[in-house]
Amino acid sequence: MKTREVLFTLLSIDLIFLNISFFIAAYFHYGLDYDRFAIIRDTFLLLNFSWIITFLVFVAEDPLIEKTLVERITHHAKKFFLFLSIASIIALALGITGISRFTFGTTVSYFFLLTFLFSNFLLKYIRIKKAKIHNYTEVLVVGAGNLGESVKRYYDNNPHRGKVIGFLDDFKFHSDKINILGRISDFQQVFEQYEFDQIIIAIPINNRQKIRSLIDLAEFNGIRPRVIPDYYALFNRSFETQALGDIPIVNIREFPLEVYANRFWKRVFDLGFALTALVLTFPLMVLIAIAIKLDSKGPVFYRPIRLGRRGAEFTLFKFRSMYVSEDPGLDQKSTTEGDQRITRVGRFIRKYSLDELPQFLNVVRHDMSVVGPRPHRVVLNKILQEKTSNYLVRHYVLPGITGWAQVNGWRGPTETRVQYKGRTLHDLWYIENWTFLLDLYIILLTLFGTKSRKNAF
């Protein structure tokens, strides 16, 4: 199932439990009193809407992740605290009164119990299914490096899956933390001395001959080997392993905005921020438009083609800040300090980035985000792609009106290696480290920082 389908299924199950709980509680409190229909309807809508928001907040977390009983109760309690907070805020904001505290409290109690029992049932079902596939208990790990230690931590945290009896390693020695049973070449002797059902090979994948020998030895002794490739050493960047049907696949350079919930909330923020900005700055934009028309001949807006997410073309909206030229080649030139193509009004609006205000329309149209890598000219994209091999990774996300590179002074010309490398590295860092708070920080730096106006000409 696709991510959206799984999320929709889980949300649907939650809403079914919620409404069953509500109707049971409402029946006990109101009976069949149809005169209370309005308040029952309002309570019904409030509960459902509040839970949908709560679900979306927590949707980035894996609902099937292995947790202890205390961790599951704590996690459940956090969700319901947020649920009650959201419902209370909405009720106060909309002036919803007359809601029965008995009905509301009983509904939440029933709902909490049903969802908690269901989540535990689901986890146990998953464990049983996994146990049928991986029916191992005693594990020998080959390689006591970071990967091997991660394997041990996993089994320590999930004792129902088995336990690590020890390690084989050529370079590390036995200690209180790591139980080294011998060298890798001692596999046969260790097998004859210890009882184990599974071998996990966690050594660098460039040791092909050694890995193949271990696999042959394990199968010779009737043990099913499992190999953990050292992807960190191979890729040197973030990644995620998934399955393409029956085919294992590794997604290189995973980033936070791959998560649907993160994209959803970023889009909600973008829409709210862009619409508010358009309303508040509308009088200023009218004045800028009049000034542009009085200052020079030509249209108010400059509408170049830019590349957005996944390389899709879109029309960018900006206030025109240059004289209209019949030479198309001039549009492909980067702006330089003292550029004679810039009008008097253009020089002012570019200095304070007022020429970018119409791009909030691009945000509303979902061409852009408020924060993200700046969209470059198509020709410049091709040039920088040839100069920087990972430059087009910027197109993994929506381009932005402002970005991490801009607020750190990397704007303006991209003629030297330092200029285009610096901008690209800052954009890639933003993509890999995105958080909602980082977006807010970048917006504040855009408005009040000094570096954001560097090279603004």
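Arginine 310 sits in the loop between β9 (305-307) and β10 (313-315). Strands here are DSSP runs of E, at least two residues long, and helices are runs of H or I, at least four, all numbered from the N terminus. The model is predicted: local features need pLDDT of at least 70, side-chain atom pairs count only at pLDDT 80 or more, and totals for chains, interfaces and linings use all residues. Residues are numbered from 1 along each chain as its sequence is written, and side-chain values use heavy atoms, without hydrogens or water.

Arginine 310 is not a glycine, yet its phi is positive, about 60°. Its relative accessible area is 70%, so arginine 310 is exposed. (Exposed means over 50%, buried under 20%, partly exposed in between, with a 1.4 Å probe and protein chains only.) Serine 353 also has a positive phi, near 60°. Serine 353 lies in the loop between α10 (344-351) and α11 (359-364). With 26% relative accessibility, serine 353 counts as partly exposed.

## A nonpolar surface patch

Ile16, Ile20, Ile24, Tyr27, Phe28, Phe102, Tyr110 and Leu114 make up a nonpolar patch on the surface. Together they have about 780 Å² of accessible area, by the Shrake-Rupley method with a 1.4 Å probe, counting only the protein chains shown as cover. Patch residues have over 30% relative accessible area and no salt bridge; nonpolar side chains (Val, Leu, Ile, Met, Phe, Trp, Tyr) are joined within 5 Å, like charges within 9 Å. A salt bridge puts a side-chain nitrogen of Lys or Arg within 4 Å of a carboxyl oxygen of Asp or Glu.

Helices α1 (3-30) and α4 (101-133) each supply at least two patch residues. The largest share, five residues, comes from α1. Leucine 114 belongs to α4. At 30% relative accessibility, leucine 114 is partly exposed.

## Strand β2 and its partners

Strand β2 (residues 163-168) is largely enclosed by the rest of the structure, because five of its six residues are buried. β2 pairs with β1 (residues 138-142) in the parallel sense, over five bridges; pairing takes at least two DSSP bridges. Valine 139 stands opposite valine 164 in β2.

Two bridges join β2 to β3 (residues 180-182), again in parallel. Here phenylalanine 167 faces isoleucine 180 in β3.
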